[in-house]
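Reader: I would like to go through a structure by question and answer. Please show it before we start.

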Amino acid sequence: MNATAEAIVNPVFDVEAARRDFPILTREIHGKPLVFLDSAASAQKPRQVIDAERYIYENEYANVHRGIHYLSQICTDRMEAAREKIRAFLNAAKTGEIVFTRNATESINLVAASWGRKFLKAGDEIILSEMEHHSNIIPWQFLRDELGVVLRIAPVTDDGEFRMDAFAELLGERTKLVAITHMSNVLGTIVPVADVVRMAHDAGARVLLDGAQAVTHIPVDVQALDCDFYVFSGHKLYGPSGIGVLYGKEELLEAMPPYMGGGEMIRAVTFEKAEWAELPYKFEAGTPAIAQAVGLGAAVDYMTGLGLDAIGAHEADLLNYATQRLSSIKGLKIIGTAPGKSSVLSFTMDCAHPHDIGTLVDRAGVAIRVGHHCAQPLMDRMCLAATARASFGLYNTRGEVDVLTESLEAVQEFFG
Amino acid sequence: MFDDLRELYQEVILDHGKSPRNFREIDHAKYHAHGNNPMCGDQLEVFVETDDAGNITDASFLGKGCAISVASASLMTEMLRGKNIDEARKMFEGFHEMCTTGDDNALAGVGQEDADRLQVLSGVSEFPMRVKCATLAWHTMNAATKGEAGISTEDERG
């Protein structure tokens, strides 16, 4: 390969065109243009997603996998087409490995309750990291209390970098699972998950990756990563709320018992026993979030159409610019400075508590998240009660970073 | 930029938020409780001392919080002194109602001077997400006087 072939082509990303896809971005808050910097909590929805949901309700809606009538068939086709889009998005080997859930939280609970209860026993160890969202802590605490499994916590540095050396030391014969975030929702840290998976597998452990944040910023290839489970939520990926995804390797999902009982997840039922349906339906008891699944398929199409690399490059530019602008504000401290981090920016200010910051900048039309971000153990680790967090999505602009900066300067003036 | 927020962040609040009064521990206080606002992670402790007749001789607090919660705690500790426990609870109830409803009559059962002082926090009723900030210290004080070790504002509305 010669140098020319290796030259990086700068992806072109037209942010103004993308913004026109998001109807909500035209509205005003307190008389100011909305500056939405809370996509890490939940992203806004493009017209393509809204239209997909509306279209199915107006034209093709019926229950799935049940009726033989026309609408039931076409609606089933639409939902299964969405599943296939998500398979391709994650590059999973098989469509049956894509299980629809409500969100990443439910996906993790499913793995804990089904895989965990069947395959773990007292004394087995699960490794989490200090950066986990509560949704990747509590389900494992349930297992700890129920089965006596042991939770080991992989530390981060003061900058928020994942400590591979310390992680390697935690791995051992008793390690049965590594359940870890792909990207921290507070620090923006990207965990080198390919290395984590390889090391965990060498130790004989399975790996669950919480991709709730990562999947919106970086391309994910579950086969290349070789992770055993990957979970994410639709609503952070510019898709509807109420729909999420569990990816699991087929052999693992096959070996796992159902999570919930009900319709759709069975093959045959008598009052004495039941036979489970094939994958993924075994894990999809009850009428699923049909229109939301279709909407998530539309979101995946939308992201793929824009190009994840192009989106990633745009967001990296915003993060760099915001880091530079906010660093110039006296008394402002950025929390989380790991190299290669992705586009969330947590910070504190000497002059004001995050709650006061949040209330003030809201008046300038700026929506940021304040608090502990459902990651209290990480807050304790960083000796903080709370931070303010600006998170960037594909529709944000440098101009919006300027508005944020000016509003934070005004906060300083107000309390200073 | 934030002129319309002066109603919420009045000078008194900014002052008490920046320089809280009675920000200290009372050794062996008769009443003591922890308050926790799980929504934002804020935590504080309230101490109340009484004499043999049940009158509050000293009140103080420690902890971290936003300007609203620190100012509210600071004002509260100043105002508790000289009250008895019943009066303190009555003040809590009136204050709580004022914060949640914005109703000026909520403080009818409280003396005029105290009512005027508490009025500076009435702005929070316009900010439902911030009501718990203003009431955290008061909930904690109320729990302390009932002999409870602590409260979490998650358990209550407001």
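Reader: In β2(B), which residue is the bridge partner of B:Gly35?
Author: This is a predicted model, in which local features need pLDDT of at least 70, side-chain atom pairs count only at pLDDT 80 or more, and totals for chains, interfaces and linings use all residues. Residues are numbered from 1 along each chain as its sequence is written, and chains are lettered from A and ligands numbered from 1 in the order in which they are written. β1(B) and β2 (residues 42–50) of chain B run antiparallel and are joined by seven bridges; strands (E, at least two residues) and helices (H or I, at least four) are DSSP runs, numbered from the N terminus, and two strands pair if DSSP finds at least two bridges between them. In β2(B), the partner of B:Gly35 is B:Leu44.

Reader: Which strands of chain B stand at the edges of the sheet?
Author: The sheet is open and has four strands in the order β3-β2-β1-β4 (chain B), with mixed pairing. Each edge strand has a single partner, so one side of it is left without a neighbour in the sheet. The edge strands are β3 (56–64) and β4 (150–152) of chain B.

Reader: At about what angle to β1(B) does helix α5 of chain B run?
Author: Helix α5 (residues 131–145) of chain B lies across β1, β2, β3 and β4 of chain B. Contact here asks for C-beta atoms, placed from the backbone, within 7 Å. Axes are lines fitted to C-alpha atoms, for helices over the stretch in contact, and angles run from 0 to 180 degrees between N-to-C directions. The angle to β1(B) is about 145 degrees.

Reader: Is B:Asn22 buried or exposed?
Author: B:Asn22 lies in the loop between α1 (11–18) and β1 (31–37) of chain B, and has a positive phi of about 55 degrees although it is not a glycine. A residue is buried if 20 or more other C-beta atoms lie within 10 Å of its own, exposed if 12 or fewer, and partly exposed in between, with C-beta atoms placed from the backbone. B:Asn22 has 20 C-beta neighbours inside 10 Å, so it counts as buried.

Reader: What radius of gyration does chain B have?
Author: The radius of gyration is taken over C-alpha atoms, and the globule rule is 2.2 Å times the number of residues to the power 0.38. For 158 residues, a compact globule would have a value near 15 Å. Chain B agrees with this, at 14 Å.

Reader: How many helices and strands does chain A have, and what share of its residues is buried?
Author: The secondary structure of chain A comes to 15 helices and 17 strands. Of its 416 residues, the share that counts as buried is 50%.

Reader: What is the bridge partner of A:Val231 in β10(A)?
Author: Strand β4 (residues 98–101) of chain A is joined to β10(A) by four bridges and runs antiparallel to it. Strand β9 (residues 229–233) of chain A is also antiparallel to β10(A), with five bridges. In β10(A), the partner of A:Val231 is A:Leu246.

Reader: Which element gives the most to the side of domain 1 of chain A that touches domain 2 of chain A?
Author: Chain A is divided into domain 1 (11–41 + 307–415) and domain 2 (49–305), with bounds from an automatic or database domain assignment. The contact takes 23 residues from domain 1 of chain A and 22 residues from domain 2 of chain A. On the domain 1 side that touches domain 2, the element that gives the most, with four residues, is α12(A).

Reader: Where does A:Cys374 lie?
Author: A:Cys374 has a positive phi of about 55 degrees although it is not a glycine. A:Cys374 is partly exposed, with 18 other C-beta atoms within 10 Å. Its place is the loop between β16 (369–371) and α14 (376–381) of chain A.

Definitions and conventions:
Two residues are in contact if their C-beta atoms, placed from the backbone, lie within 7 Å.
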